[in-house]
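Visitor: I have a chain to look at and a few quick questions. Can you put it up?

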Amino acid sequence: MTPMPDQLRNAPRCQARNRAGKSCGCPAVRGKRVCKSHGGLSTGAPKGPANGNWKHGRHSNEAIALRRAASALLKELVDA
Ligand SMILES: [Zn+2]
């Protein structure tokens with residue numbers, strides 16, 4: 001068997017746990033915490049209403065940013 005290249009050997013390890021409770025130990029995908037078999041290649045759940053857990057959007061990033069902007073504008077007006 002050919003030895004593992006240094007770059008792969010020194011890569012951060014997958015943080016996922018197997019059914020025995022041990023670490024997966026495979027090299028993690030670059031910039032991710034887990035290996036390719038544990039979701040490292042996934043781009044994540046869909047954003048917005050496409051997500052099955054979406055209720056009303058009151059706590060969506062956009063709604064929160066809008067409230068923050070409105071609050072900052074109001075503060076600016078009150079302080080001036
Ligand atoms: Zn893994």
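Guide: Start with histidine 59, which is exposed, with 8 other C-beta atoms within 10 Å. A residue is called buried if 20 or more other C-beta atoms lie within 10 Å of its own, exposed if 12 or fewer, and partly exposed in between, with C-beta atoms placed from the backbone. This is a predicted model: local features need pLDDT of at least 70, side-chain atom pairs count only at pLDDT 80 or more, and totals for chains, interfaces and linings use all residues. Residues are numbered from 1 along each chain as its sequence is written.

Visitor: Where is the place of histidine 59?

Guide: Histidine 59 sits in the loop between α1 (6–9) and α2. Its C-alpha atom is 12 Å from that of proline 49, ten residues apart along the chain.

Visitor: How many helices and strands does the chain have?

Guide: Two helices and zero strands. Helices (H or I, at least four residues) and strands (E, at least two) are DSSP runs, numbered from the N terminus.

Visitor: What span should α2 have, and how far apart are its end C-alpha atoms?

Guide: Helix α2 covers residues 61–79, and at 1.5 Å a residue its 19 residues should span 27 Å; the end C-alpha atoms are 27 Å apart, which agrees. The expected span is 1.5 Å times one less than the number of residues.

Visitor: How many of the residues of α2 are buried?

Guide: Zero of the 19, so α2 lies largely in the open.

Visitor: Change of topic. What radius of gyration does the chain have?

Guide: The chain has 22 Å, whereas a compact globule of 80 residues would be near 12 Å. The radius is taken over C-alpha atoms, and the globule rule is 2.2 Å times the number of residues to the power 0.38. Along the principal axes, the C-alpha atoms fill a box of roughly 70 × 30 × 20 Å.

Visitor: Back to the loop. Is glycine 40 buried or partly exposed?

Guide: Glycine 40, in the loop between α1 and α2, counts as partly exposed, with 18 C-beta neighbours inside 10 Å.

Visitor: Which residues does glycine 40 touch?

Guide: Not counting residues up to four places away in sequence, glycine 40 touches Ala28, Val29, Lys32, Val34 and Cys35. Two residues are in contact if their C-beta atoms, placed from the backbone, lie within 7 Å.

Visitor: And arginine 33, what does that touch?

Guide: Gln15 and Ala28, again leaving out residues up to four places away in sequence. Arginine 33 is partly exposed, with 14 C-beta neighbours inside 10 Å.
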